Amino acid sequence: MTLEELFKVVEARAKASPDDSWTAKLLSKGPEKCAEKFGEEAVETIIEAAKQNRIGLIKESADVLFHLCVLLKSQNISLSDVMDELATRQSKSGLVEKESRLNAD
């Protein structure tokens, strides 16, 4: 499955009833709840990485990607918006790009 396919799954599930879909239920609780859930999954991913638990890291990483898509959907941000931002960064080295963001703040 690609990220684009995953985002389409989230978009389709968002149209379902919150009684029938975890995604729709989470989205119905608003962006703050979606952000909270994403953060929870991110922490669980970090824990599995720190434990060097390969299977746990794979599973939690899948949860992170899924909940990132839900969070983006909750903010009406498309996956292509994020991918476009990544594309703008491809012409610079990571160190130069990071420095430009630090100086912009």
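What share of the 105 residues of the protein counts as buried? The answer is 25%, where buried means under 20% relative accessible area with a 1.4 Å probe and protein chains only. This is a predicted model, in which local features need pLDDT of at least 70 and side-chain atom pairs count only at pLDDT 80 or more, while totals for chains, interfaces and linings use all residues. Residues are numbered from 1 along each chain as its sequence is written, and side-chain values use heavy atoms, with hydrogens and water left out.

**Overall build**
- You will find six helices and zero strands here, taken as DSSP runs (helices H or I, at least four residues; strands E, at least two) numbered from the N terminus.
- The C-alpha trace spans about 45 × 35 × 30 Å along its principal axes.
- Among contacts (heavy atoms within 4.5 Å) with a separation of 6 or more, 54% join residues 24 or more positions apart.

**The nonpolar core**
- The largest nonpolar core has 12 residues, including Leu6, Phe7, Leu26, Cys34, Phe66 and Leu79; such a core is a set of buried Ala, Val, Leu, Ile, Met, Phe, Trp, Tyr and Cys residues joined through side-chain atoms within 4.5 Å.
- At least two residues of this core come from each of α1 (3–14), α2 (22–28) and α4 (54–74), and α4 gives the most, with five.
- Leaving aside residues up to four places away in sequence, Leu26 touches Lys33, Cys34, Lys37, His67 and Val70.

**Surface**
- The accessible surface (Shrake-Rupley method, 1.4 Å probe) comes to about 7300 Å², and 56% of this belongs to carbon and sulfur atoms.

Conventions
Buried means under 20% relative accessible area, exposed over 50%, partly exposed in between (1.4 Å probe, protein chains only).
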